[in-house]
Amino acid sequence: MSSSTGTTGTSTVITDIAMLVTNDPSLGSGSPRPSTFGSGGGSPLGVIRDAAVVIEGDRVVWTGESSKAPATDNRVDAGGRAVLPGFVDSHSHLVFAGDRTEEFNARMSGRGYTAGGIRTTVAATRAATDGELEANLTRFLSEALRQGTTTLETKSGYGLTVADEARALRLAAAHTDEVTYLGAHIVSPDFADDPAAYVALVTGEMLDACAPHARWIDVFCEKGAFDGDQARAILTAGKAKGLHPRIHANQLSYGPGVQLAVELDAASADHCTHLTDADVDALASGDTVATLLPGAEFSTRAKWPDARRLLDAGVTLALSTDCNPGSSFTSSVPFCIALAVRDMGMTPDEAVWSATAGGAAALRRTDVGRVAPGAYADLTFLDAPSHVHLAYRPGVPLVSQVWRRGVRVV
């Protein structure tokens with residue numbers, strides 16, 4: 001997500017913003033608690049109408065009403081558009097090769113989804129050159145950026161050898177700061193008869209090779225992948241190497257993943273489709289964000305996560321694409337926002353917050369996901385007067401401009 005062109009000078013004011021979403025209630029209308037949606041209709045969006053934003057360098061330094069904007073070196077007219085923080089996509093799998101169109105077609109014709117299809121991508125990824133993998137990665141990053149995503153996490157997980165996992169992370173780290181080691185995506189086909197030996201590799205030689213390129217460690221805790229004990233061993237080993245845990249949890253069935261995530265202070269538990277009351281209580285009482293990935297349910301015709309249940313319990317939610325070639329081949333956060341509103345019980349405000357500030361919380365970042373003094377000047381402009389149009393007009397390419405770190409890049 002590299003910068004291209006922008007204004008010159010030290011400061012820029014963007015004026016004539018019909019509706020500015022700051023995600024800071026102290027700056028505009030909203031509830032006093034920045035991550036709480038109240039049953040009485042409160043919202044943490046911190047909306048300012050007829051607004052302006054002042055940028056110095058790569059940071060926001062002022063927000064408020066247009067009529068009160070201070071003098072700056074440059075002036076940009078938003079033309080009555082809505083502006084919101086750049087989307088923060090905190091869960092994707094973009095370092096891969098190959099195509100799984102036939103699998104998708106078969107699934108849409110009645111075949112169920114299982115974790116086993118990952119092996120198809122593993123074979124293609126191992127056979128690809130570095131150049132082919134990087135070209136694929138940058139294509140999807142550019143695609144996401146055009147749709148308003150300014151911060152994106154991505155994972156390894158389609159190599160499953162020491163060399164292939166390390167190169168996936170090295171390539172990813174050249175293009176994004178949010179890189180996750182997912183050697184524990186499935187048990188490597190090379191170790192199909194000895195899963196314990198593969199866990200030893202993931203927590204030993206492979207971890208040693210991958211840790212220098214990653215910030216996070218992840219595991220697919222699911223039937224057909226890794227059980228609770230294996231997941232605990234993998235995440236604990238990663239923590240010992242300085243990597244912070246995330247976890248694929250409770251996607252296909254009930255299991256130990258969510259409660260393990262809270263126990264290990266994982267930044268996020270991702271999917272969270274099949275939850276017991278104890279799982280919900282654990283998330284509500286801890287700091288682990290529940291990341292919901294509606295593209296996966298759309299692409300697999302699976303049960304939708306119950307976002308309303310989680311929100312009403314006080315759980316912090318993120319909303320992300322899970323962009324990957326098998327179960328959610330979309331890089332569009334606006335599409336996921338529309339799905340979440342239509343099929344997961346979220347309001348438009350809740351979905352937009354979860355795709356911006358919620359994603360930032362899932363990455364334990366405070367410098368993205370909001371338009372407030374001190375945050376990066378990451379902005380998404382909509383050809384619409386309100387952020388609600390993201391759900392109101394699904395499938396319409398509403399993103400008209402994207403600014404990243406103070407520079408217009410789309």
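The legends below describe close-up views of a predicted model.

**View A. The buried face of helix H2.** Helix H2 spans residues 118-127, and its buried residues are Ile118, Thr121, Val122 and Thr125. Looking down the axis of H2, these residues fall within an arc of 105 degrees, so they line one face of the helix.

View C. A disulfide is a covalent bond between the sulfur atoms of two cysteines. With a cut-off of 2.5 Å between the sulfur atoms, the count in this model is 0 disulfides. Cys221 is in no disulfide; the nearest cysteine sulfur belongs to Cys272 and is 12 Å away. Cys221 is buried, with a relative accessible area of 5%. Cys210 is also buried, and its relative accessible area is 0%.

**View D. The second largest cavity.** The model has 2 cavities of 30 Å³ or more. The second largest cavity holds about 80 Å³ of space. It is lined by 11 residues, of which Thr150, Thr151, Leu152, Thr176 and Arg404 are the closest to its centre.

**View E. Composition of the lining of the second largest cavity.** Strand E6 (residues 149-155) supplies the largest share of this lining, 3 residues. By class, the lining of the second largest cavity comprises 5 charged, 4 polar and 2 nonpolar residues.

Conventions
Residues are numbered from 1 along each chain as its sequence is written. This is a predicted model: local features need pLDDT of at least 70, side-chain atom pairs count only at pLDDT 80 or more; totals for chains, interfaces and linings use all residues. Side-chain values use heavy atoms; hydrogens and water are left out. Buried means under 20% relative accessible area, exposed over 50%, partly exposed in between (1.4 Å probe, protein chains only). Helices (H or I, at least four residues) and strands (E, at least two) are DSSP runs, numbered from the N terminus. The arc is that of the directions from the helix axis to the C-beta atoms. On a 1 Å grid over the protein atoms alone, a cavity is a set of points where a 1.4 Å probe fits but cannot get out, and a pocket is an open set with protein on both sides within 12 Å along at least five of seven lines; lining residues have an atom within 4 Å of a point. Grid points are joined across faces, edges and corners, and a volume is the space filled by probe spheres set on the points. Ala, Val, Leu, Ile, Met, Phe, Trp, Tyr, Cys and Pro count as nonpolar, Asp, Glu, Lys and Arg as charged, and the others, Gly among them, as polar.
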